[in-house]
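I opened my notebook to look up the charged pairs in this model. My entries follow the order in which I checked them.

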Amino acid sequence: MSLAGESLLPAKVTSQGILVEHLQEFWSETLSAAQSQSTLESKLQALQCHFTWDLDASRSKLYRLRNELEDIGTEGGCSWQGHIYNLQGYIHYQLGSIKDAQSFFSRAAEAFRQMRNTVSDEGPWLVVNYGNLAWLHYHKGDQAKSRAYLSKVNTLMTEYPPSQDEIHPEIYAEKAWTLMKFSKEKKLLAVDYFERAIRLQPDMVEWHTSHVLALVNASKYDRELEANILDRMRIAKEQDPENLYLAALYLEACAKNGENAQDEARELARRVLSKPVSSYSGITPLLRLYRIYVSMDEAIGLVEEVLERHPHERYLKWCAANCYIKKIFIDRDNPLEQSRIDRAISLLREVISLYPRSSLKIKTGLASIYGQSDQKDKGDQIYEELLESDLDPEEAQVLYNHYAKYLHFVRRETYRLIEYHMKAAEIPLQSSYRDNSIRTLERIRERNRNRMCREIEKFLANLQD
């Protein structure tokens, strides 16, 4: 007889029952946690932020973007500063630096609060930023903080509801500005998103300006967008007279249209010189305008003058290096004096050290300058090192195209240049470098003077397949 309350089962059976109970409890908790994580993931996927905008890019592209954003600077009070920090945070995350990513996302929030200058510290301009932070904390394994930022997003969306079937214009604008930095397809989408933002909130001058800049970018891929673009640029310039980047692009478009813009270009140069150094200051399109429609020597004189005023600005050194590269290539049949060649080599070597992760084109430019200044061994060495390096397809395509030209103009090796134009063309990435290599191969085939013409014919036919 057992005492009241005592188990009638053997001890072994009782312990097995307890074990089963614990296992059931464990699996129940595990399933609940998995379901909770799945719910969190689905909510994160529904956010509008950099982590959900399909911003796929190679590491070389990410490094170039990182440098481009750094070169914008912070002195001029850029109206896109919050957006710049948000994108920088995302890029640093993609490059593996969570600490830097969090730092830039925090700076973005503060920049938005300063730029909007509203009574409330919060507004719809923070939706993307909070979405980024929700994703970042999720990737860090901190689900509590991730949910906290999700809650902040939901609160803002409740307080500032978008129109039916739309997202908030602030989100459209940031998404458009961000997509401008990526692929051809993204650049075309940017035009549409700016138009939606402006339709919903037409009083934002910087959105109108950036919409026109997006049109200029996208028109390279869709000629239909060129219609009335000069008039649109003129109107945007009148609405945003202090935007010298737009002013330089407008003058360049006028010059391309046959107008004499030399006096206006020189006047604009004085204004650009008075501004803080920034890739947004207008110096890049202004130098291009000078090189093509004023004179190459004046372009070099202008960039050297700016460098004298700001001798430590790496972006200006990059601009100067590019001017010298183009000058030397244009005057290939009329060699420059040695002092200018020495200046170019010195600048390019410094720029390579300042942009160690994104200076492929500067390196190939330096190799070509060496090749044209009786230092072919140094040019060969640069290319040998580049050809042995670990490059992604985008970089490899650029390298093969440039090396083919080096083999043509410097080494005079016809058969090897054909080989490298083929290497560039067979990489299935649409770009100006691939197009250039294909056109070069087509010209060689059409001349029918090379014993590789049949091989080129077969290669081009396979490309079309």
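Is R270 buried, partly exposed or exposed, and at what relative accessibility? I looked it up in the model, which is predicted. R270 is partly exposed, at 43% relative accessibility.

Next I checked its partner. The side chain of R270 meets that of E305 in a salt bridge, 3.1 Å from N to O. R270 sits in helix α12 (residues 262–273) and E305 in helix α14 (residues 296–309), so the pair ties together parts 35 residues apart in sequence. E305 also counts as partly exposed, at 26% relative accessibility.

Then I turned to K181. I found a salt bridge between K181 and E68, with the closest N and O atoms 3.5 Å apart. This pair links distant parts of the chain, 113 residues apart. K181 is in the loop between α7 (169–179) and α8 (184–200), while E68 is in helix α2 (residues 59–72). I compared both ends with the cut-off. K181 has a relative accessible area of 10%, and buried means under 20%, so K181 counts as buried. E68, at 35% relative accessibility, is partly exposed.

A further pair is E413 with R416. Their closest N and O atoms are 3.1 Å apart, and they form a salt bridge. E413 has a relative accessible area of 24% and is partly exposed. R416 is partly exposed too, at 31%.

I also noted a network. Salt bridges link D297, K327, E337 and R340.

Last, I looked up the total. How many salt bridges does the structure hold? I wrote down 23.

Technical notes: Residues are numbered from 1 along each chain as its sequence is written. This is a predicted model: local features need pLDDT of at least 70, side-chain atom pairs count only at pLDDT 80 or more; totals for chains, interfaces and linings use all residues. Side-chain values use heavy atoms; hydrogens and water are left out. A salt bridge is a side-chain nitrogen of Lys or Arg within 4 Å of a carboxyl oxygen of Asp or Glu. Helices (H or I, at least four residues) and strands (E, at least two) are DSSP runs, numbered from the N terminus. Buried means under 20% relative accessible area, exposed over 50%, partly exposed in between (1.4 Å probe, protein chains only).
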